[in-house]
Amino acid sequence: MKHNFGAGPCILPKEVFQEASEAVIDFNNTGLSILEISHRSKEFEEVVTEAEALVRELLNVPEDYSVLFLQGGASQQFAMIPMNLMPEGGKAAYLDTGVWASKAAKEAAVLGQVDIVASSKDKNYTYIPKNYRVPEDAAYLHYTSNNTIYGTEVFDTPKTNLPLVVDMSSDIFSRVINVSDYDLIYAGAQKNLGPAGLTLVIIKNSLLGKSGRVLPSIFDFGQHAKAGSMYNTPPVYSIFVSMLNLRWLKAKGGVGVIEQENIIKARALYDEIDRNSFFRGTAELEDRSRMNVTFVMDTPEKEAEFLQLAKERGLIGIKGHRSVGGFRASVYNALTMISINALIDAMKEFEENNK
Ligand SMILES: *Cc1c(COP(=O)(O)O)cnc(C)c1O
């Protein structure tokens, strides 16, 4: 058995892979593959409608928000957000909590002025800055709710009067959120929602057209909202598989239920990291992510040995990102306690072997 701790693209439930594979051969008894049907067909229209309804139901999205299925990944949103929300000559505020946050700020700086309200770069992004001031004249405040590379997560939504924009690529659908706390939520699908190729955007309608800029239609949220995410051919298969995954999540009991499981899974792993004399967590205790658990060894020369043991035990994707080193176990929704226990057992075995 393989235990996939990869950071993204990553594990999805087995049932979802099964249904997704069947639809490649024969989609809903149409005698056609999901890959060949028209995106304007009644069959696919039903998929999009259900996918949107599931997003709205599972996250309790208020009526005055649009749910958009776009492409280009979270990285395209780094550029589209300032295009759509920041007026010519305007400015935006960014919280710098890692590589993704700073890439977002870098793209905004192409279009206007960027004010970095706080940064945790001084300690290699091992914590979430708190108690910073946000300029009142910025068009919005942007932050990253889960820092996939560094294993930190923002549990207290920033308080601000500005429109609040959040990159939730790696923790959306992992815990209960209050959508009305935000004005724009975006996420690349490939970490908890579905396959790569889809980007989810949830935007308050009053923000559409806010920047006053004349934009190419493909970069204009307003055009995508008006076209019901069908401005051009959408990522048909990614939307379909994401819809299956959201059905799975709903059948499990929804985001509140998965959040409790995620808390238990992360706690078990952090407990072992804290107990085991060979491993040490890298993130500040109060900011530890429930989705990406980062840890290192005090004896880095032994890291290769542990990776080898992990490989033998079927533990995949636990090598840390190059900017942190050590290990990273991504424990997204579909990863089960069986896999967590397999990793914990390997850590215990390693400790035993090296006594
Ligand atoms: C993975 C990731 C991204 C990049 O997503 P792409 O879809 O590859 O552009 C951005 N932000 C966060 C928080 C991520 O985890």
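**Salt bridges in the predicted model**

At 48% relative accessibility, Asp274 counts as partly exposed, a class that lies between the buried limit of 20% and the exposed limit of 50%. In this predicted model, the side chain of Asp274 meets that of Arg288 in a salt bridge, with an N to O distance of 2.9 Å. Because Arg288 lies in the loop between strand E11 (279–281) and strand E12 (292–297), whereas Asp274 belongs to helix H7 (residues 255–275), the pair ties together parts that are 14 residues apart in sequence. Arg288 is itself buried, its relative accessible area being 13%.

A search of the whole structure finds 19 salt bridges, and the pair formed by Lys91 and Asp137 is one of those that meet the definition, the closest N and O atoms being 3.3 Å apart. This pair links distant parts of the chain, since Lys91 is in strand E3 (residues 91–96) and Asp137 is in the loop between strand E4 (113–119) and strand E5 (141–144), 46 residues apart. Lys91 counts as buried, at 16% relative accessibility, whereas Asp137, at 56%, counts as exposed. Both residues also take part, together with Asp115, in a network of salt bridges.

A further salt bridge joins the side chains of Arg175 and Asp171, with an N to O distance of 3.2 Å. Arg175 has a relative accessibility of 10% and therefore counts as buried, and Asp171 is likewise buried, with a relative accessible area of 2%.

Methods
Residues numbered from 1 in each chain as written. Predicted model: local features only at pLDDT ≥ 70, side-chain atom pairs only at ≥ 80, totals over all residues. Heavy atoms only, no water. Salt bridge = Lys/Arg side-chain N within 4 Å of Asp/Glu carboxyl O. Helix = DSSP H or I, 4+ residues; strand = E, 2+ residues; numbered from the N terminus. Buried < 20%, exposed > 50% of the residue type's maximum accessible area, 1.4 Å probe, protein only.
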